[in-house]
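Please keep the sequence and the 3D view at hand while reading.

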Amino acid sequence: MNIVPIPNAATLPVRAAPYLPWPIAERAFVIAEIGINHNGDLDIAKQLIDAAHAAGCDAVKFQKRAIDVVYSAEVLAQLRQSPWGDTQRAQKEGLEFGPADYDEIDRYCRALGIDWFASAWDAESQAFLAKYKLKYNKIASAMITHRAVVTAVAAERKLTFLSTGMATMEEVDAAVAVFRAAGCPFILMHTVSTYPAAEADLNLLTIETLRQRYGVAVGYSGHETAVEPSVMAALLGAVAIERHITLDRGMYGSDQSASLEPDELRQLVTRLKALPDMLGDGRKRVIDDEAAVAKKLRYWPAEDNLG
């Protein structure tokens, strides 16, 4: 069986199999993307961390933005009704956690024994996250063409999950070149950046396209509402699976509808863990229980057997 260990901060070795054209992870590294689905509420964030931990996820991920860097004054002044007010600024600030919140998230995750990290949407936010000495970094699909962010993340030389949604191959080429020049380990994440994504648009065979083109481990960051495509992605060689999570898809927020609820997350992790056992080692054999069934059902004398 072509088995690889789960990712670590140093390396992700891949071994080929004689009967499959792609590697299969021993167990996919599962990232529960909380993002902004906490709605600015630390208690909701903790409930989502608890759900990810209970499901058996390896890490939770947030998003960090410096509002006045990411958005222009004109955009922030626009009208937008939300639980926090009637402007874009009120909504964006309402969704953003501050230093005290992240201090508590860091404490809570360490006490629980689950890793956390975040995708920074600007270089200032990446510098803010550095103080927590996190194991992993993330380049969100929207940021893959942002030179300052990509360069700042690569300079840290931590294992980075690099999402490729909304990006042409040439744009992925450019980001990969930055990471390779910096000597930073990375896992490319095949992504379709629609929320939720239609299953007909998922194009999961791109996982192998990326692996062949760049010669690196590839994962999958899904935005569909079903569990099955992520399992298929793992079968196609995705070594990491990232999925948005929510307490309830009906909650306020642009990412809620593209997220898995706690029961669905548990189903996903259970199926991902079972996948290598279901695939087996590819060697044809008759197991003991089969032999007992054969003895019962094959009524003819042994001398009449073929073979």
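## The loop between β3 and α1

N39 sits in the loop that links β3 (29-35) to α1. Helices here are DSSP runs of H or I with at least four residues, strands are runs of E with at least two, and both are numbered from the N terminus. N39 is not a glycine, yet its phi is positive, near 55°. Its relative accessibility is 14%, so N39 counts as buried. Buried means under 20% relative accessible area, exposed means over 50%, and partly exposed lies in between (1.4 Å probe, protein chains only).

I36 belongs to the loop between β3 and α1. I36 is buried, at 13% relative accessibility. Leaving out residues up to four places away in sequence, I36 touches Q63, R65, L95, S254 and D255. A contact means heavy atoms within 4.5 Å.

## Basis of the model

This is a predicted model: local features need pLDDT of at least 70, side-chain atom pairs count only at pLDDT 80 or more, and totals for chains, interfaces and linings use all residues. Residues are numbered from 1 along each chain as its sequence is written, and side-chain values use heavy atoms, with hydrogens and water left out.

## Overall build

The protein has twelve helices and twelve strands. Its C-alpha atoms fill a box of roughly 85 × 40 × 40 Å along the principal axes. Of the 307 residues, 50% are buried. Among contacts with a separation of 6 or more, 64% join residues 24 or more positions apart.

## The nonpolar core

The largest nonpolar core has 80 residues. Such a core is a set of buried Ala, Val, Leu, Ile, Met, Phe, Trp, Tyr and Cys residues joined through side-chain atoms within 4.5 Å. V60, F62, W116, F161 and L188 have the most contacts inside this core. Helix α1 (residues 42-55) gives the largest share, six residues. In soluble globular proteins, nonpolar side chains tend to be buried together.

F161 has contacts beyond its sequence neighbours, those up to four places away being left out. Its partners include F29, I31, F117, Y136, I139, I187, M189 and A240. N137 and K138 are also among them.

## Cysteines

How many disulfides are there? The count is zero, where a disulfide is a pair of cysteine sulfur atoms within 2.5 Å. The sulfur of C57 has its closest cysteine sulfur in C109, 12 Å away, which is too far for a bond. C57 is buried, at 8% relative accessibility. C109 is buried too, with a relative accessible area of 0%.

## The loop between β12 and α11

Q256 lies in the loop between β12 (240-244) and α11 (262-279). Q256 is buried, at 1% relative accessible area. With residues up to four places away in sequence set aside, Q256 touches N37, N39, T246, D248, R249 and M251.

G253 is found in the loop between β12 and α11. Is G253 buried or partly exposed? G253 is partly exposed, at 32% relative accessible area. G253 and D103 are 150 residues apart in sequence, and their C-alpha atoms are 24 Å apart.

Y195 and P196 are joined by a cis peptide bond, with omega about -5°. P196 lies in the loop between β10 (186-191) and α9 (206-214). In α9, the residues T206, I207, E208, L210 and Y214 are buried. Their cover includes α8, β10, β11 (218-222) and α10 (228-235). G215 follows α9 and has a positive phi, near 65°.

M166 is not a glycine, yet its phi is positive, about 65°. M166 is in the loop between β9 (159-163) and α8 (169-182). M166 counts as exposed, at 58% relative accessibility.
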